[in-house]
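Let's take a walk through this structure together, one region at a time. Have the sequence and the 3D view open as you read.

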Amino acid sequence: LSMVFNFHHLKVDYKDGQKWVLDEVRWDELFGLFDEWQSKMQEHDGWSAWFFNNHDQPRAISRFTDDINYHYESSTLLATLTHMMRGTPYIYQGEEIGTSNPRFETIEEYVDVESQNYYKILLDEGKTPIEALHIISERSRDDGRTPVAWEENSPYHGFSTVEPWIGFGKISNFYDRDLNSDKSIYKYYQELIKLRKNYKAISHGDYKKVDSIYQTYAFERMYEDEHLLVMLNFTGSEIDLEMPQEVVEKYKDGEILINNYDDFDIKALKPYQGVVIRK
């Protein structure tokens, strides 16, 4: 436990700091935290852990992006962010194939005591069973505790030969399906890890924010004469970037190291697009 783990970025959709009250993501706060952590750690020669998922959190793909209409793009966007940051990225079980929240249909499917108890509290506060279950489905710790689905058509999806302690829920992401897909999330993670090993700008370089307008985030990673630009769009729409002209000129003819789309325009990002360019 010698590495710093921050959790404030996992509270940017709490209304008035309350976990069980749903709210929109405050993107300016989220990107502000990222920039502050990166800048201050760099200034004082510190080192951070970068993660979105763990056993106490709902799945980030369901929380911060669109896991239904842009499943591949959302998964790879989040992966690009964590792997391009200054620090150590962490991959939580199932994240590498884009595991979503299970979206259980009854409260009985949730095992977590906190979720069970708070469902009753929400009902006592006047919520309907449908409203209460929706809140639980968005916030429960069990969202991150479902078993890994290895095989689509095997009993218990290849996780075990007996019924697991908790169900799989409404999942559509399986290891065998992903590995055989033309757009494999797992293989995209492999490419990101290769980049971290091959480019010191990622593993050792400095960080500098370029843009964080609306729901877009762009930053540079730099090591000696090796410069990279990371551009991320956290919306379901094409977004025109507002980067300084000198940055556009610097990277407009650069080499694309990784891109979760087949094409790219440096002045506009597609829905949930993540791109890394080398000058």
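Let's begin with Lys194, which is partly exposed at a relative accessible area of 45%; here buried means under 20% relative accessible area, exposed over 50%, and partly exposed in between, with a 1.4 Å probe and protein chains only. This is a predicted model, in which local features need pLDDT of at least 70 and side-chain atom pairs count only at pLDDT 80 or more, while totals for chains, interfaces and linings use all residues. Residues are numbered from 1 along each chain as its sequence is written, and side-chain values use heavy atoms, with hydrogens and water left out.

Lys194 has a salt-bridge partner in Glu191, with the closest N and O atoms 3.4 Å apart; a salt bridge is a side-chain nitrogen of Lys or Arg within 4 Å of a carboxyl oxygen of Asp or Glu. Why about one helical turn between them? Glu191 and Lys194 are three residues apart in helix 7. Helices (H or I, at least four residues) and strands (E, at least two) are DSSP runs, numbered from the N terminus. An α-helix has 3.6 residues a turn, so residues three or four places apart point the same way. Glu191 is partly exposed too, at 39% relative accessibility.

The whole structure holds 18 salt bridges. Another one pairs Glu29 with Arg26, the closest N and O atoms being 2.7 Å apart. Glu29 is partly exposed at 34% relative accessible area, and Arg26 is partly exposed at 27%. Glu105 and Lys170 form a further bridge, with their closest N and O atoms 3.1 Å apart. Glu105 sits in the loop between strand 4 (88-89) and helix 4 (113-124), and Lys170 in the loop between helix 5 and helix 6 (175-179), so this pair ties together parts that are 65 residues apart in sequence. Glu105 itself is exposed, at 55% relative accessible area.

Leaving aside neighbours within four places in sequence, Phe219 is in contact with residues including Leu81, Met84, Tyr207, Val210, Leu228 and Val230; contact means heavy atoms within 4.5 Å.

Helix 5 (129-139) has its own buried residues: Ala132, Leu133, Ile135, Ile136, Ser137 and Arg139. These buried residues pack against strand 1 (14-15), strand 2 (18-22), helix 2 and helix 4.

On a 1 Å grid over the protein atoms alone, a cavity is a set of points where a 1.4 Å probe fits but cannot get out, and a pocket is an open set with protein on both sides within 12 Å along at least five of seven lines; lining residues have an atom within 4 Å of a point. Grid points are joined across faces, edges and corners, and a volume is the space filled by probe spheres set on the points.

The largest cavity holds about 80 Å³ of space, and its lining includes Asn53, Arg59, Glu95 and Tyr189. The second largest cavity holds about 40 Å³, with Ile97, Pro147 and Phe168 among its lining residues.

The largest pocket has a volume of about 330 Å³. Of the 16 residues that line this pocket, Glu24, Val25, Ser62, Arg63 and Phe64 lie nearest its centre.

Last, find Asp206 in strand 5 (residues 206-211). Asp206 is partly exposed, at 40% relative accessibility. Not counting residues up to four places away in sequence, Asp206 touches Gln42, Glu220, Arg221 and Met222. How far is Asp206 from Pro271 in space? The two are 28 Å apart, C-alpha to C-alpha, and 65 residues apart in sequence.
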